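This report goes through selected side-chain contacts, nonpolar cores, aromatic pairs and charged pairs. The sequence and structure come first.

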Amino acid sequence: VPNAEIKECHQCQLRFSRSESPAAEHQQSKHHCRACGQGFCDSCSSYSMPVPWRGWGEEPVRVCFSCFNSSKSSPAEGPQATSAAQPPPDASALNPRKLVEGVRQTVSYLSPAVEMPKSTILQFSRPAYWVEDAKITSCYCCESAFDWKLQLHHCRACGNGVCDSCSAARMPVPVRGWDYPVRVCDMCNPTR
């Protein structure tokens with residue numbers, strides 16, 4: 001579930017809100033369960049276990065109580081075995097963002113050699129959650145208008161169009177498949 005779509009804890013229904021107070025923000029932090037992908041508050045996602053079937057390897061990562069509890073009842077198969085409605089993910093879909101970033105970099109190098117314009121090729125290689133360039137006229141954070149001097153970038157967490165000043169932070173966004181530091185906007189940066 002994309003971070004921007006999580007409005008409340010999946011288990012206890014605690015509503016999340018953006019607050020200027022660091023204490024309030026800490027109490028209402030959103031976290032993704034690395035097993036089921038749902039959003040939870042600190043209390044409901046304070047468990048950890050390995051989640052190799054989702055591409056997280058053998059190191060323990062944050063999970064919700066339900067996934068942690070279901071792994072105890074069927075440890076050999078993991079929590080995905082208890083959910084008939086959601087089959088385990090295909091191994092080729094574990095890190096789609098790495099693939100997309102690789103395609104974009106390759107296209108940047110090869111575009112002069114092909115007759116199709118680079119913008120057309122990139123349009124089809126961008127992640128689906130990114131807002132289309134044609135629909136973005138100003139920075140999502142500071143609302144400065146984009147022109148030939150102010151370059152458009154995309155936040156890897158929310159997909160909105162932002163300027164360089166409002167997207168200086170770099171951090172992993174594992175829920176989107178970016179398990180290494182990538183560009184995130186000031187709105188999605190938890191340290192701001």
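## Asn-189 and its surroundings

The side chains of Asn-189 and Thr-191 make a polar contact at 2.7 Å. A polar contact is a pair of N or O atoms within 3.5 Å; within protein, one must be able to donate a hydrogen and the other to accept it, and residues adjacent in sequence count only if both atoms are side-chain atoms. Asn-189 is found in the segment after β8; helices (H or I, at least four residues) and strands (E, at least two) are DSSP runs, numbered from the N terminus. With a relative accessible area of 7%, Asn-189 is buried. Buried means under 20% relative accessible area, exposed over 50%, and partly exposed in between (1.4 Å probe, protein chains only). Not counting residues up to four places away in sequence, Asn-189 touches Ala-169, Met-171 and Val-184, where contact means heavy atoms within 4.5 Å.

The model is predicted: local features need pLDDT of at least 70, side-chain atom pairs count only at pLDDT 80 or more, and totals for chains, interfaces and linings use all residues. Residues are numbered from 1 along each chain as its sequence is written, and side-chain values use heavy atoms, with hydrogens and water left out.

## Nonpolar cores

A nonpolar core is a set of buried Ala, Val, Leu, Ile, Met, Phe, Trp, Tyr and Cys residues joined through side-chain atoms within 4.5 Å. The largest one has 17 residues, of which Cys-139, Cys-155, Val-173 and Val-184 touch the most other members. Two or more residues of this core come from each of β7 (169-173) and β8 (178-184), and β8 gives the largest share, 3 residues. Another core, of 16 residues, lies apart from it and includes Ala-35, Cys-36, Cys-64 and Cys-67.

Leaving aside neighbours within four places in sequence, Val-173 is in contact with Arg-156, Ala-157, Trp-178, Tyr-180, Val-182 and Val-184. Arg-156 also lies over the face of Trp-178, at 5.7 Å from the ring centre. For a charge to sit over a ring, NZ of Lys or CZ of Arg must be within 6 Å of the ring centre and within 35 degrees of the ring normal. Arg-176 lies over the face of Tyr-129 at 3.5 Å from the ring centre.

## Aromatic pairs

Rings of Phe, Tyr and Trp (its six-membered ring) pair if their centres lie within 6.5 Å; planes under 30 degrees apart count as stacked, over 60 as edge-to-face and the rest as tilted. The count comes to 3 aromatic pairs. The ring centres of Tyr-47 and Phe-65 are 5.5 Å apart with planes at 55°, so this pair is tilted. Tyr-47 lies in strand β3 (residues 47-50) and Phe-65 in helix α2 (residues 65-73), so the pair ties together parts 18 residues apart in sequence.

Tyr-47 is partly exposed at 27% relative accessible area, and Phe-65 is partly exposed at 33%. The rings of Tyr-47 and Phe-68 have centres 5.1 Å apart and planes at 25°, so they are stacked. Tyr-47, Phe-65 and Phe-68 form one aromatic cluster.

## Salt bridges

The whole structure has 2 salt bridges, each defined by a side-chain nitrogen of Lys or Arg within 4 Å of a carboxyl oxygen of Asp or Glu. One joins Arg-15 and Glu-8 (3.5 Å, N to O); Arg-15 is exposed at 52% relative accessible area, and Glu-8 is partly exposed at 32%.

Arg-183 and Asp-164 also meet in a salt bridge (3.1 Å, N to O). Arg-183 lies in strand β8 and Asp-164 in the loop between β6 (161-162) and β7, so this pair ties together parts 19 residues apart in sequence. Arg-183 is buried at 13% relative accessibility, whereas Asp-164 is partly exposed at 44%.
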